[in-house]
Amino acid sequence: MSDEGAGPVGRGAVLRAPAHRVSPQAIGFWTVSALMGDAVLVGGAAVAWLVVPGAPGWVGLVVLLLAVVAVAHVVLMPRIRYRVHRWEVTDTAVHTREGWIGRETRIAPISRVQTVDSRQGALMRMFGLASITVTTASAAGPITVDCLDAETAAHVVARLTAITAATEGDAT
């Protein structure tokens, strides 16, 4: 007996992607963040290579290779993340998808939401961005939606707070 069509999710069911993209400003934010981190890494490696007496010549090639990988990271990663990162909040669930090498999709029923927090570091403020973290009664940990427009993040936090306040149960 086939279970295709048995219940709401049959064998051929496909989960759709969350409806919303993060802010387009996320590309600039992720680029600057990657540039700062990679510059420290490559700069530190280059200084170490130049300062260590008698370092073999191949170490310079490793530093050069590290620099090439860093440039590729700074150029490619933000654009790939932007295409992949999605989020959606409905009256019944919080749904996210993220990643730039691997992909992670998370869905948390509203009845499992315990807290909703927002975060906006100095660099995020420069780009007008904020992130929200939805803590759930799940061993998988919280769900984070990075790089929303700050105004959108404030609206999502307010909406989630209202939805969870109206939801019966204690999210345990």
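View 1. Residues 26-52 are 96% helix and 0% strand, and their end C-alpha atoms are 39 Å apart. Both spans carry the annotation "transmembrane region" in an unreviewed UniProt entry; UniProt positions are given in the numbering used here, feature names are shortened, and annotations may be inferred rather than shown by experiment. Helices (H or I, at least four residues) and strands (E, at least two) are DSSP runs, numbered from the N terminus. The model is predicted: local features need pLDDT of at least 70, side-chain atom pairs count only at pLDDT 80 or more, and totals for chains, interfaces and linings use all residues. Residues are numbered from 1 along each chain as its sequence is written, and side-chain values use heavy atoms, with hydrogens and water left out.

**View 2. The contact of helices α1 and α2.** The axes of α1 (residues 25-51) and α2 (residues 57-84) come within 9 Å and cross at roughly 175°. Axes are lines fitted to C-alpha atoms, for helices over the stretch in contact, and angles run from 0 to 180 degrees between N-to-C directions. The two helices α1 and α2 are therefore roughly antiparallel (angles over 145 degrees). Residues of this contact comprise 18 nonpolar (Ala, Val, Leu, Ile, Met, Phe, Trp, Tyr, Cys and Pro), three polar (the others, Gly among them) and three charged (Asp, Glu, Lys and Arg).

**View 3. The salt bridge of Arg16 and Glu88.** Three salt bridges (a side-chain nitrogen of Lys or Arg within 4 Å of a carboxyl oxygen of Asp or Glu) occur in the structure. In one of them, Arg16 and Glu88 meet at 2.8 Å, N to O. Arg16 lies in the segment before β1 (20-21) and Glu88 in strand β2 (residues 86-89), so the pair ties together parts 72 residues apart in sequence. Glu88 has a relative accessible area of 11% and is buried (buried is under 20%, exposed over 50%, partly exposed in between; 1.4 Å probe, protein chains only).

**View 4. The salt bridge of Asp146 and Arg119.** The side chains of these residues, Asp146 and Arg119, meet at 3.3 Å, N to O. Asp146 belongs to strand β7 (residues 143-149) and Arg119 to strand β5 (residues 113-119), so the pair joins parts that are 27 residues apart in sequence. Asp146 is buried at 18%, whereas Arg119 is partly exposed at 43%.

Conventions:
Angles under 35 degrees count as roughly parallel, over 145 as roughly antiparallel, 65 to 115 as roughly perpendicular and the rest as oblique.
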